[in-house]
Amino acid sequence: MATKPPTTDIRIGAELIRRRKGGIPLVCLTAYTYPVARLLDPHVDLLLVGDSVAMVLHGHETTLGASLEMMIAHGQAVMRGSARACVVVDMPAGSYEESAEQAVASALRIVDETGCQGVKLEGGVDMAGQIAAIVAAGIPVMGHIGLLPQSVERDGGYRIKGRTDETVAALMADARAVEEAGAFCVVIEGTVEAVAADITRSIAIPTIGIGASGDCDGQILVIDDMVGLTVDRVPKFVKEYADLRRVIANAAERYAADVRDRTFPAAAHVFSNSKASSSKDVGDEA
Ligand code: KIV
């Protein structure tokens with residue numbers, strides 16, 4: 001496929017996202033590939049190259065299957081397809097938890113090798129040192145609190161947060177720690193609605209909800225869930241805006257029938273030996 005990279009003078013940066021607190025809701029989606037980034041870029045404020053890529057595109061059981069190399073490769077693809085949105089790349093499990101030094105080295109590598117606008121990491125009070133160190137190194141950080149997919153094995157599954165007084169207090173402390181450490185916005189995932197709304201009112205950086213609250217400053221969904229490509233269980237918080245499972249299965253069924261009864265390829269899809277067209281590209285020839 002011939003590629004024409006999109007161009008624009010205006011790239012939304014982390015500071016612009018931060019200033020949208022309390023304004024028109026921020027539209028965010030995950031993206032992992034060049035063509036999807038091109039399709040989404042005109043419509044969103046932020047594209048997240050989430051470590052959900054390990055599950056969605058690579059078939060791993062959890063996001064723990066993501067590596068720094070995997071995130072960088074997908075970050076590069078999304079940056080090639082995006083000209084306008086703020087692109088944030090997830091830091092995979094194992095690339096930042098050990099120390100502030102490890103976190104800065106990994107974040108620098110992600111930004112140097114992709115050119116993205118920021119990185120995201122999971123954790124609140126426990127990761128405030130890492131967030132502060134990455135921000136001090138000049139790299140914008142998106143926080144992520146509430147249900148943390150990188151911790152599902154430790155937590156014993158995908159458990160909704162904020163159902164006890166103790167966890168509500170811990171979530172509020174996490175949100176404040178992420179804000180004080182200098183994050184430009186924070187994802188709140190899988191959290192009781194009223195708690196996510198309360199956090200949104202209590203901190204000065206935008207909150208981006210996923211299974212959280214309509215009162216958050218923005219919303220994010222995994223692109224494959226949103227377009228109906230997810231083949232296994234679709235979470236309750238997802239609204240499917242398309243049914244690509246059906247579209248793809250139907251196309252594959254019709255293609256298989258055409259190949260088997262030799263109606264594909266037809267005359268329009270094969271090449272003649274005409275001299276007039278011998279200098280044309282494969283894609284140009286009528
Ligand atoms: O990896 C991811 O897709 C995410 C979103 C769910 C926020 O972290």
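A: The axes of H6 and helix H8 (residues 165-181) come within 8 Å and cross at roughly 20°. That makes H6 roughly parallel to H8, as angles under 35 degrees count as such. Helices here are DSSP runs of H or I with at least four residues, numbered from the N terminus. Axes are lines fitted to C-alpha atoms over the stretch in contact, and angles run from 0 to 180 degrees between N-to-C directions.

Q: What kind of model is this, and how are residues numbered?
A: This is a predicted model, where local features need pLDDT of at least 70, side-chain atom pairs count only at pLDDT 80 or more, and totals for chains, interfaces and linings use all residues. Residues are numbered from 1 along each chain as its sequence is written, and side-chain values use heavy atoms, with hydrogens and water left out.

Q: Back to H6. Which way does H6 pass H8, left-handed or right-handed?
A: H6 passes H8 in a right-handed crossing, meaning that the near helix is turned clockwise from the far one by less than a right angle.

Q: And H5 with H6, at what angle do they cross?
A: Roughly 45°, with the axes of H5 (residues 100-114) and H6 (residues 128-136) coming within 8 Å. The crossing of H5 past H6 is right-handed.

Q: New topic: the ligand. Which side chains have a polar atom by a ligand oxygen?
A: Lys-120 has one at 2.9 Å from a ligand oxygen, Asp-51 has one at 3.0 Å and Asp-90 has one at 3.2 Å. A polar contact is a pair of N or O atoms within 3.5 Å.

Q: What else is around the ligand?
A: The residues around the ligand, with a heavy atom within 4 Å of it, include Thr-30, His-144, Glu-189 and Val-222.

Conventions
Polar contact = N/O pair within 3.5 Å; in protein donor to acceptor, adjacent residues only side chain to side chain. Helix = DSSP H or I, 4+ residues; strand = E, 2+ residues; numbered from the N terminus. Parallel < 35°, antiparallel > 145°, perpendicular 65-115°, else oblique.
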